[in-house]
Amino acid sequence: MSILVESANISLQQAQQAILNILPKQYIAVARLASLQQKERLPVVTVVGKYNHGKSRLLNELIGEAAFSVADKRETVDLNRHNHEGVTWLDAPGLDADVAEGDDRHAERAIWLEADIRLMVHAAKEGELDATEAALMRDLQHNEQLMQRRTLFVLTQIDQVASDESLQKILAELEGQMAEQIIYPVSSVRHRKGIEQDKPLFVEKSGFPQLRQALAEALAHVPQARHHEKVQLHTQLSQELTQHNQACQRQLQHLQERVKLRDQGFAEELTAMLIKADEDLQEIYTAPEVDHAMDVDDISQTLQWTRGKQERSRVHIAYSRACIQIRTVLAKYGNLNLPKAQQVESKALSTVMVAVMGVSLKNRHDLQRLFSEEGRVQLFADFYHYYELSDDYQALQKAIAAAQAAVQACEQAIAALTVFKV
């Protein structure tokens with residue numbers, strides 16, 4: 001069964017995890033895409049802003065009931081929600097909330113994960129935006145351009161500004177900070193007074209009619225915006241997964257090619273060196289009429305440089321030269337030492353050369369047998385066995401296995417993305 005077919009049998013949560021295994025930094029995007037799969041989900045309006053800027057009171061006036069707590073101290077430390085007339089209203093912790101208590105995570109969830117519309121609240125008495133507010137507004141504006149999620153900027157507590165002239169000055173400062181952003185100045189106090197005292201002029205001067213109209217237009221746009229956002233998020237994640245998969249494929253191909261060339265190089269160089277060793281030893285194979293290498297020296301010749309010693313030395317030097325040449329190939333490919341499991345206390349004996357060639361001295365007959373065509377086949381097999389057990393080779397094999405797992409994870413994530421309908 002293909003990964004694509006299997007993807008139809010996984011849950012939305014499993015699909016999210018498969019994608020996040022590859023793109024962990026896209027948590028919000030993946031979670032938002034998952035939330036947009038809920039067709040019956042009510043439109044969500046999130047009110048965001050600093051503590052004591054009138055967020056909760058603004059919400060109460062918009063929905064016409066005291067659903068959110070209003071206090072002079074910081075009350076909102078979690079996501080406070082209320083469903084009213086087919087809309088979910090969210091009051092998020094303030095932008096100056098306590099990070100140590102995790103309030104910033106609640107605010108992030110409210111703004112970026114749950115909200116279809118964001119009401120960015122700023123108290124008029126504070127004047128221009130501070131750095132945190134300005135940065136958030138830039139992010140919200142950019143998000144609206146990409147995803148069509150509306151952001152309405154609400155200037156609250158305008159009744160606390162000394163004069164219309166001061167208010168106009170504040171509006172000018174804010175307009176300078178937020179290019180092409182419509183500002184909705186409101187006063188919750190005037191609106192409440194106008195409702196309770198039945199004074200339409202107060203209601204009109206509160207700014208709420210204009211804000212409600214803009215909010216109604218934004219709510220009507222939510223279905224279209226959600227569809228657009230689903231397509232955008234799906235496309236974005238698909239592109240990132242494809243790019244990541246291509247990078248993993250390239251890495252896997254690079255490693256496989258590297259191993260292939262390495263294997264080929266070792267095989268060719270070792271074969272050539274074994275043949276050369278045989279060619280260099282040809283003159284040694286043929287014994288002279290009198291082979292003094294077979295002479296047995298007696299104890300009286302211990303300190304003498306006899307013809308037997310000379311001949312044996314010539315054979316052993318030729319053999320040592322062949323071993324040195326073979327060893328250069330092993331060293332080039334990191335194949336000098338035995339695997340740790342096979343090593344002994346003596347480092348000199350824990351080498352591939354000793355394991356394959358032994359430690360005993362070789363006579364002419366042994367050399368000829370060792371480097372004959374049949375002998376070279378066995379030598380090649382023995383050396384190649386230890387080559388495959390070497391640390392360098394094993395490290396490359398582990399890297400290939402990891403790269404193959406990464407490619408498979410990418411393919412699973414790409415297949416999992418098909419679970420999300422657009």
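## Glutamine 157

Helices (H or I, at least four residues) and strands (E, at least two) are DSSP runs numbered from the N terminus. Glutamine 157 is not a glycine, yet its phi is positive, near 55°.

## Basis of the values

The model is predicted: local features need pLDDT of at least 70 and side-chain atom pairs pLDDT 80 or more, while totals for chains, interfaces and linings use all residues. Residues are numbered from 1 along each chain as its sequence is written, and side-chain values use heavy atoms, without hydrogens and water.

## Aspartate 198

Aspartate 198 also has a positive phi, about 55°, without being a glycine. This residue lies in the loop between helix 8 (188–196) and helix 9 (200–205), and is exposed at 63% relative accessible area.

## The cavity

There is 1 cavity of 30 Å³ or more. A cavity is a set of points on a 1 Å grid over the protein atoms alone where a 1.4 Å probe fits but cannot get out; lining residues have an atom within 4 Å of a point. Points are joined across faces, edges and corners, and the volume is the space filled by probe spheres set on them.

The largest cavity has a volume of about 50 Å³. Helix 10 (residues 208–280) gives the largest share of its lining, 6 residues. Among the lining residues are Arg32, Asp116, Gln148 and His221.

Definitions and conventions. On a 1 Å grid over the protein atoms alone, a cavity is a set of points where a 1.4 Å probe fits but cannot get out, and a pocket is an open set with protein on both sides within 12 Å along at least five of seven lines; lining residues have an atom within 4 Å of a point. Buried means under 20% relative accessible area, exposed over 50%, partly exposed in between (1.4 Å probe, protein chains only).
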